[in-house]
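Thanks for coming. I will walk through one protein model, beginning with a single residue and then moving to the whole chain.

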Amino acid sequence: MMQVGLSYTEMDLKAMIRNIIFDFGGVLLDWNPRYLYRKYFGNDREMEYFLTEVCTLERNSELDCGEPFAEWVKKYQSEYPRYAEAIEIYHTRWPEMLGGQIPEGVALLRDMKSAGYGIYGLTNWSAETIGYAYEAFGDLMPLFDGIVVSGEEKTLKPGPEIYRILLDRYGLKAEECVFLDDSRKNVDGAIAVGINGILYDDIARVRIGLSGLLK
């Protein structure tokens with residue numbers, strides 16, 4: 001059987017799907033610290049060291065869970081004084097990490113909205129920088145029926161609480177929703193609370209998977 005990169009819940013897939021839930025980074029928006037630090041360091045080797053040993057994705061998750069940037073910057077400047085300036089610009093030049101919209105994901109969102117599905121956002125993102133994401137969305141923002149941001153809720157995917165916050169806040173039934181995320185663990189987190197999940201790894205496979213669920 002052909003593998004299409006999908007993960008579904010074990011529930012009855014004949015339940016009518018009414019809502020599509022989108023992750024932001026890697027699905028709708030291109031966020032990558034390398035856009036900033038390649039310019040700053042001018043040296044890919046040092047940049048990679050900095051992003052894998054100092055300002056790592058794991059430490060970025062602390063911001064996504066609600067830690068204030070000022071405290072985060074001070075903490076890691078103390079630990080890595082050599083990189084004090086580079087750590088500071090993780091805050092002050094944060095918008096330079098955004099590469100803009102991901103066309104394929106945005107086109108899918110627009111197609112699903114036009115087809116009459118509810119559109120929701122569920123993202124691990126700092127409360128202090130989510131406004132930049134909204135600016136990058138531009139005229140896409142009115143298409144959302146609701147958004148939940150980890151930094152505002154102080155809880156992260158793939159923990160169950162953030163998915164339940166979305167469902168409860170907007171009165172959604174898990175079995176009537178499909179969640180799209182480029183992280184397998186986040187898709188699995190959605191599945192664990194009863195939401196249908198599709199790994200966003202290839203837009204063609206994602207559309208095939210959605211077609212199968214939406215029949």
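**A walk through the model**

Glutamate 176 sits in the loop that runs between α9 (160–170) and β7 (177–181). Please keep in mind that this is a predicted model. Is glutamate 176 buried or exposed? Its relative accessibility is 15%, and buried means under 20%, so glutamate 176 counts as buried. Which residues does glutamate 176 contact, once neighbours within four places in sequence are left aside? They are Met16, Ile17, Arg18 and Asn19.

That brings us towards the start of the chain. Over residues 1–14, pLDDT stays under 50. The model still has 33 contacts beyond four places in sequence for that stretch. Where pLDDT is low, the predicted coordinates should not be read in detail. For the protein as a whole, pLDDT averages 93, and 93% of the residues score at least 70.

Now the overall picture. The secondary structure comes to eleven helices and eight strands. Along the principal axes, the C-alpha atoms fill a box of roughly 55 × 35 × 30 Å. The radius of gyration is 18 Å; a compact globule with 215 residues would have one near 17 Å, so the two agree. Of those 215 residues, 47% count as buried. The protein exposes about 10400 Å², and carbon and sulfur atoms supply 50% of that area.

Next, the loop between α8 (150–153) and α9, which holds proline 158. The peptide bond leading from lysine 157 into proline 158 is cis, with omega near 10°. Lysine 154 lies in that loop between α8 and α9 as well. With a relative accessibility of 55%, lysine 154 counts as exposed, because the cut-off for exposed is over 50%.

Lysine 154 also leads us to cysteine 65. Not counting residues up to four places away in sequence, cysteine 65 touches Gly151, Lys154, Thr155 and Leu156. Where is cysteine 65 placed? It is in the loop between α3 (57–64) and α4 (69–79). Its relative accessible area is 29%, which falls between the 20% and 50% cut-offs, so cysteine 65 is partly exposed. Cysteine 65 and aspartate 202 are 137 residues apart in sequence, and their C-alpha atoms are 28 Å apart in space.

Leaving aside neighbours within four places in sequence, isoleucine 130 is in contact with Phe24, Thr123, Trp125, Val149 and Glu152. Between isoleucine 130 and glutamate 152 there are 22 residues of separation along the chain, and their C-alpha atoms are separated by 9.4 Å.

Notes. Residues numbered from 1 in each chain as written. Predicted model: local features only at pLDDT ≥ 70, side-chain atom pairs only at ≥ 80, totals over all residues. Heavy atoms only, no water. Helix = DSSP H or I, 4+ residues; strand = E, 2+ residues; numbered from the N terminus. Rg over C-alpha atoms; globule rule 2.2 N^0.38 Å. Buried < 20%, exposed > 50% of the residue type's maximum accessible area, 1.4 Å probe, protein only. Areas by Shrake-Rupley, 256 points an atom, 1.4 Å probe, with all protein chains shown as cover. pLDDT = per-residue confidence, 0-100. Contact = heavy atoms within 4.5 Å.
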